[in-house]
Amino acid sequence: SETIDGYRVKVLANVDLVDEVELVHQYSGDGIGLIRTEFMFLSKDQFPSEEEQEQVYAAMVKSASGLPVT
């Protein structure tokens, strides 16, 4: 994104799921500003293991294809 006077504004997305990272690319986003981790905990009957969380984070970073992930 860029303002009328030429100032570049980075637009980072908040994502809940790995599948949403594709939308960042589709709409030319500049990266992921926030991974909404609470949904990983609320969508199951028990907390995800550390390994499960690591797999989700790794998949998001991989899907980001070099864009920054916060």
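Helix α3 covers residues 50-64, 15 residues in total. At 1.5 Å a residue it should span 21 Å, and its end C-alpha atoms are 21 Å apart, so expectation and model agree. The model is a predicted one.

Which residues of α3 are buried? They are Q53, M60 and A64. These residues cover an arc of only 40° around the axis, so they sit on the same side of α3. The other side of α3 carries E51, E54 and K62, which are exposed. The buried residues of α3 pack against β1, α1 (21-26), β2 (31-35) and α2. Just after α3, S65 takes a positive phi of about 50°.

Confidence comes next. The protein chain has a mean pLDDT of 92, and 100% of its residues reach 70 or more. Among the elements, helix α2 (residues 38-42) has the lowest mean pLDDT, 85. Strand β1 (residues 12-15) has the highest, 96.

Now to D30. This residue lies in the loop between α1 and β2. Is D30 buried or exposed? Its relative accessible area is 15%, which is under the 20% cut-off, so D30 counts as buried.

| Partner of the D30 side chain | Distance |
|---|---|
| R8, side chain | 2.7 Å |

The D30–R8 pair is a polar contact between side chains. Leaving aside neighbours within four places in sequence, D30 is in contact with R8, V9, K10, V11, L12, L67 and P68.

How values were computed
Residues are numbered from 1 along each chain as its sequence is written. This is a predicted model: local features need pLDDT of at least 70, side-chain atom pairs count only at pLDDT 80 or more; totals for chains, interfaces and linings use all residues. Side-chain values use heavy atoms; hydrogens and water are left out. pLDDT is the predictor's confidence in each residue, from 0 to 100. Helices (H or I, at least four residues) and strands (E, at least two) are DSSP runs, numbered from the N terminus. The expected span of a helix is 1.5 Å times one less than its number of residues. Buried means under 20% relative accessible area, exposed over 50%, partly exposed in between (1.4 Å probe, protein chains only). The arc is that of the directions from the helix axis to the C-beta atoms. Contact means heavy atoms within 4.5 Å. A polar contact is a pair of N or O atoms within 3.5 Å; within protein, one must be able to donate a hydrogen and the other to accept it, and residues adjacent in sequence count only if both atoms are side-chain atoms.
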